[in-house]
Amino acid sequence: MFFLFDPTFIILIPGIILASWAQIRVQATYNKYSRVRSSLGLTGYELAKRLLENAGIYNVKIEVVSGFLSDHYDPYRKVLRLSPQNFRGVSVASLGVVAHEVGHALQDVEKYPLLALRNLMVPAAVTGSQLAWIIFILGLFFQTPFLIRLGILLFSLVVLFTLITLPVEFNASRRAVKLLETTMLMPEYELKGVKEVLGAAALTYVASSLMAFLQLLRMIALAGLFGDRR
């Protein structure tokens, strides 16, 4: 319990505030534009299929995945997974989210460097998120500098992963707006809604990156900058 309520916990407060605000904003913005039916007259599935085919991409499957806003593109299996509300949805919010995920598929096909780098870092980031704090706390408990440093190093990979994720997500959102504007000729007032939805979603990635960075600072603070630990 010490590691939850020790004084260094204050370092996380800005990240907690931003993360809470981001969640509130993304849900409010999505709910707002989920009530605005798009004039395109397409479901999310139909939009994804049309955008992929227009880009000459025929090897990407489109599937439904359970969960709220659980939409994502799997570059390993070449699958575009859409949440039920967006797979069947015809709203501005649904089509914006779907176009964003298609943007990731385009990144994959075009071998967008930062997406490739992020994909390479997935195993290291997963390992870091699962083991970093365990190793770090063991290092503090047994007064072992090597374990303390290893924990910090592993979590640094998590921070790096979140930082690389930011431009990947921003780029996918820009692609989404461009696809809807130039390929689908979506009206400007609908594009405004798409931009608001994707902008709110982007804030959650910023909050995640900030929280990871602050957690790293907290680790360094707990370690006493390696100065007092022997």
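These notebook entries record what I looked up in a predicted model.

**Conventions.** I number residues from 1 along each chain as its sequence is written. In this predicted model I take local features only at pLDDT of at least 70 and side-chain atom pairs only at pLDDT 80 or more, while totals for chains, interfaces and linings use all residues, and side-chain values use heavy atoms, with hydrogens and water left out.

**Entry 1: asparagine 86.** I located asparagine 86 in helix H4 (residues 84-87); helices (H or I, at least four residues) and strands (E, at least two) are DSSP runs, numbered from the N terminus. Asparagine 86 is buried, at a relative accessible area of 0% (buried means under 20%, exposed over 50%, partly exposed in between, with a 1.4 Å probe and protein chains only). I found a polar contact of 2.6 Å between the side chains of asparagine 86 and tyrosine 30 (a pair of N or O atoms within 3.5 Å; within protein, one must be able to donate a hydrogen and the other to accept it, and residues adjacent in sequence count only if both atoms are side-chain atoms). Beyond its neighbours within four places in sequence, asparagine 86 is in contact with residues including Tyr30, Asp71 and Ser94 (heavy atoms within 4.5 Å).

**Entry 2: tyrosine 58.** I placed tyrosine 58 in the loop between helix H3 (44-54) and strand S1 (61-64). Tyrosine 58 is exposed, with a relative accessible area of 63%. A polar atom of the tyrosine 58 side chain lies 3.5 Å from the backbone oxygen of glutamate 53. I also noted that the C-alpha atoms of tyrosine 58 and leucine 216 are 42 Å apart, the two residues being separated by 158 residues along the chain.
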